[in-house]
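Okay, everyone, thanks for coming. Let me put today's protein up on the screen, and then I'll walk you through it.

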Amino acid sequence: MKLAVASGKGGTGKTTLAVNLALAADRPVLLADCDVEEPNDHLFFSALEWREQVIEWPLPEVDESLCDGCGECSAFCQYNAIVSFGTVPYISADLCHGCGGCQMVCPQKAITETSRRIGVVKTTEAGQVSLVEGRADIGTVLTPPLIQAVKQRISGTALAVLDAPPGTSCPVIATLEGSDYVVLVTEPTPFGLNDLELAVETVRELDLPFGVVINKADSGDSRVRDYCRANEIAVLAEIAEDRRIAEAYSRGEALVAALPEYRSVFAGILAKVVA
């Protein structure tokens with residue numbers, strides 16, 4: 001089972017939920033940190049020995065001696081990553097999606113593919129948790145291929161928890177695709193409700209089953225609960241605002257270890273999702 005944990009905005013407690021769901025499973029589980037621009041699941045584990053694999057992505061390269069500046073490649077590219085004004089085309093590595101289309105349509109066969117490094121995928125074990133994280137190289141803007149490389153490590157795993165990036169952009173879509181269930185984490189504030197609505201639209205567009213966890217549930221107002229009730233969205237749990245949670249988080253301590261009474265909360269969420 002692939003369980004994705006997502007949120008419409010940062011700071012809702014998404015990583016706290018993902019890490020503690022994995023630890024509360026009490027069975028072998030794979031925890032995949034797909035927030036490749038800022039992975040932080042590893043902060044809640046100690047004495048990790050990592051294995052690292054460099055991830056590369058294709059990039060077109062033009063042979064100037066063969067190119068006649070016809071512009072077929074530029075006309076084909078829907079991302080404006082390759083541009084020609086009757087001259088040898090300019091290639092933007094940041095915009096290129098590595099589809100290989102420009103190479104296919106070039107009548108002079110002047111375009112070949114080289115590769116560029118976009119980041120690394122790191123794996124390790126911590127008890128019953130197998131931790132996988134992607135880490136994009138500084139300056140890398142095309143992160144979905146790196147997220148896909150992280151997700152490839154999930155194959156054959158009975159239970160996988162995917163910690164998605166915040167928001168509803170392309171990296172989030174790349175993380176959620178293929179999931180069996182999505183847990184959306186929110187907080188009872190106007191900003192929390194606004195971004196929850198965006199997240200709900202996203203998972204419904206992907207046709208994925210989902211439920212909501214309300215963090216800091218005893219603060220704010222009732223509009224998030226009212227929205228979930230009106231739209232028949234399951235509220236899997238409500239977690240009260242507790243200063244001890246923030247203190248444990250600031251020390252890099254997993255909540256189920258620092259405050260064992262919360263273990264049943266996360267185990268309960270997992271049981272509802274599996275059911």
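Of the contacts between residues at least 6 apart in sequence, 72% join residues at least 24 apart; contact here means heavy atoms within 4.5 Å. Before I go on: this is a predicted model, where local features need pLDDT of at least 70 and side-chain atom pairs count only at pLDDT 80 or more, while totals for chains, interfaces and linings use all residues. Residues are numbered from 1 along each chain as its sequence is written, and side-chain values use heavy atoms, with hydrogens and water left out.

So, the parts list. We have 10 helices and 11 strands, taken as DSSP runs (H or I, at least four residues, for helices; E, at least two, for strands) and numbered from the N terminus.

Nine strands make an open sheet, in the order 3-6-7-2-8-1-9-10-11, with mixed pairing; two strands pair if DSSP finds at least two bridges between them. At the edges sit strand 3 (51–62) and strand 11 (235–239), each pairing on one side only. Look at strand 6 (residues 111–126) and strand 7 (residues 129–136): they are antiparallel, over eight bridges. Val 121, for instance, stands opposite Gly 134 in strand 7.

What about the inside? Buried residues, meaning those under 20% relative accessible area with a 1.4 Å probe and protein chains only, are 50% of the 275. The largest nonpolar core has 38 residues, and Leu 176, Val 182, Leu 184 and Leu 196 have the most contacts inside it. By core I mean buried Ala, Val, Leu, Ile, Met, Phe, Trp, Tyr and Cys residues joined through side-chain atoms within 4.5 Å. Helix 6 (residues 190–205) gives the most to this core, five residues. Apart from this core lies another, of 35 residues, including Phe 45 and Ile 239.

Which residues does Leu 196 touch, leaving aside neighbours within four places in sequence? Leu 184, Thr 186, Val 212, Val 224, Tyr 227 and Cys 228. Helix 6 itself lies across strand 9 (181–186) and strand 10 (210–215).

Last stop, the largest pocket, with about 570 Å³ of space. Of its 28 lining residues, Gly 11, Thr 12, Gly 13, Thr 16 and Tyr 249 are the closest to the centre. A pocket here is an open set of points on a 1 Å grid where a 1.4 Å probe fits, with protein on both sides within 12 Å along at least five of seven lines; lining residues have an atom within 4 Å of a point.

Key. Axes are lines fitted to C-alpha atoms, for helices over the stretch in contact, and angles run from 0 to 180 degrees between N-to-C directions. Grid points are joined across faces, edges and corners, and a volume is the space filled by probe spheres set on the points.
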